[in-house]
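Colleague: Hi, could you walk me through the aromatic residues and a helix contact in this one?
Modeller: Happy to, let me bring it up.

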Amino acid sequence: LKNNLEPLIPHLFRQMVVGATGLPRTFRGFSKFRAVLNRHFSVKSSWEPVIGLEVHAQITSNTKLFSGASTSYGAPPNSKVSFYDAAFPGSLPKLNRECVHQAVRTGLALGGQINVRSTFDRKHYFYCDLPAGYQITQYYNPIVTGGSLTLNLPSYTKTINLERIHIEQDSGKSMHDQHPQLSYVDLNRAGSALMEIVSTPEISSSEEAGAYLAKLQSMMRYIGTCDGSMEEGSIRCDANVSVRRPGEPFGTRCEIKNVNSIKYLMKAIDYEIKRHISLLEKGETIKMETRGYDAQDNVTIPLRAKETSIDYRYLPEPDLLPLILSQEKIEELKRTLPELPESIKKRLIEKYSITAYSAETLVGEFEAPAYFEEVISHLQTCQSPSTVWNWITKEVYRELNNSNLKIREFPVGPKQLASLLDSIESGIISSRTGKQVFKEMLGGDSRNAQEIIDSKGWAVISDREKISTLCKELVKEFPVQAKKYKTSKKSIDFFMGKIMPKLEGRGDLKIVREELTLLLEAE
């Protein structure tokens, strides 16, 4: 028991207390404590989950993989479709060079082997949103093999190896909720370029799967090869899940298709693990099948029997020559890569003396490290990187989540936030008033903090004579409470509570406490 439980303690403790702002959050932490125990201890003692992920990431490109049709999101249905996308007879594919370059850059960022020769193949299956009856992919010779992604989990680090990255075209979109009897098809997405990033089956829990997908999403955003928007379908994930007794061969897997949320991916995997264990412990067998995830009922549902490679009748694409890359072009693309997340994290820790956890929370939000550093560059009075981190990860992140905005769209710029933090640090306003100023900035007031404070009359009242007069009046008004100070120093809080409303909540707390202490000591 000790050997199994001891490595989990740091993780469990962090789950309970990180970001806690009050007792209710702490109580929620106990439910997380129990959930983590169940997932990591009781399950692992008899069954071992085996998970592999196939991530379909839409390549950032203005046009589709084999046609000149636009990839812009949100256009009217079937308004971004070329003859080739609709599989008109006689139309031929023309490979988009930029999509190839983006796939190479992704492979380089993940440490994969870029294959100088790769080929395209036809993957045959019938569905109404696949006009040609086949998908062009890279089954036999992918553009990237190998690579890895290291996960920095709260209590341990784990490296997940990659099997391959290949380029393929997307299908259209079937819509089953537009008509009571008919299904509609939108081919705007058909032919868009995808990277399928396939992990090896080394993921052991839903937490690892969630961390893997989040880190992959963040990395692709940093290098600009995928916008990472799961809401718009730019990233979709298939999870292959099985369980086995430790040391035994792999069990029968089921594939959960097209999950477009990290939270739902984790829930779907947890459900599927429990379903497999329940069936196996009853002596039943697992059917190899493709399943979907129903978020409303938190269950996976069977869709169809799982296909094998034979079912897809792969054959070389006759209309496309092998893709040949020169080593010079690979090196050129490598030089275009920006600073990668792991490097940014290391630099933030060394330069600003913040913790690894703090750096991780910044790096996990695309563009947050740049925002953080720009705020620091504008500071004059406040010289605390941890204060900047606190404001960004609490106040800024909260507003980003509530408004569904990216940092580049955030109404409070780095210079404006820096002016606010300087005003708090220098004692011009309190932290409480600082949040009121922040609210004004969020509402569209583009002035710096000092201008807002002056126009609203929110500056801290530090007139010692005025504060002393009010303190004398209060001590005189409440003599009984004043006498209690001799036996209980805490009675000063009574007077603090009385005087602050008279100062409109803007009194300098240090001066108020000093004046009250002098008067009460003299009583």
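**Aromatics and a helix crossing**

Modeller: In this predicted model, one aromatic cluster is formed by Tyr-125, Tyr-139, Tyr-140, Tyr-312 and Tyr-314.

Colleague: Nice. How many aromatic pairs does a search of the whole structure find?

Modeller: The search gives 16 aromatic pairs. One of them joins Phe-66 and Phe-120, edge-to-face, at 5.8 Å centre to centre with 80° between the planes.

Colleague: And where in the chain are Phe-66 and Phe-120?

Modeller: In distant parts, 54 residues apart. Phe-66 is in the loop between β1 and α4, while Phe-120 is in the loop between β3 and β4.

Colleague: Is Phe-66 buried or exposed?

Modeller: Phe-66 is buried, because its relative accessible area of 3% is under 20%. Phe-120 is buried too, with a relative accessible area of 3%.

Colleague: OK, changing topic to helices. At what angle do α11 and α13 cross?

Modeller: Roughly 40°, and their axes come within 12 Å. That angle makes α11 oblique to α13, and the crossing is right-handed.

Colleague: Which residues make the contact?

Modeller: From α11, Trp-391, Glu-395, Val-396 and Glu-399; from α13, Gly-434, Lys-435, Phe-438 and Leu-442. By class that is four nonpolar, one polar and three charged residues.

Colleague: How are the rings of Trp-391 and Phe-438 arranged?

Modeller: Their centres are 5.5 Å apart and their planes are at 75°, so this pair is edge-to-face. The pair links helix α11 to helix α13 across 47 residues. Trp-391 is buried at 10% relative accessible area, and Phe-438 is buried at 3%.

Note on methods: Residues numbered from 1 in each chain as written. Predicted model: local features only at pLDDT ≥ 70, side-chain atom pairs only at ≥ 80, totals over all residues. Heavy atoms only, no water. Axes fitted to C-alpha atoms, helices over the stretch in contact; angles between N-to-C directions. Helix = DSSP H or I, 4+ residues; strand = E, 2+ residues; numbered from the N terminus. Parallel < 35°, antiparallel > 145°, perpendicular 65-115°, else oblique. Left-handed = near helix turned anticlockwise from the far one by under 90°. Contact = heavy atoms within 4.5 Å. Nonpolar A, V, L, I, M, F, W, Y, C, P; charged D, E, K, R; others polar. Phe/Tyr/Trp six-rings, centres within 6.5 Å; stacked < 30°, edge-to-face > 60°. Buried < 20%, exposed > 50% of the residue type's maximum accessible area, 1.4 Å probe, protein only.
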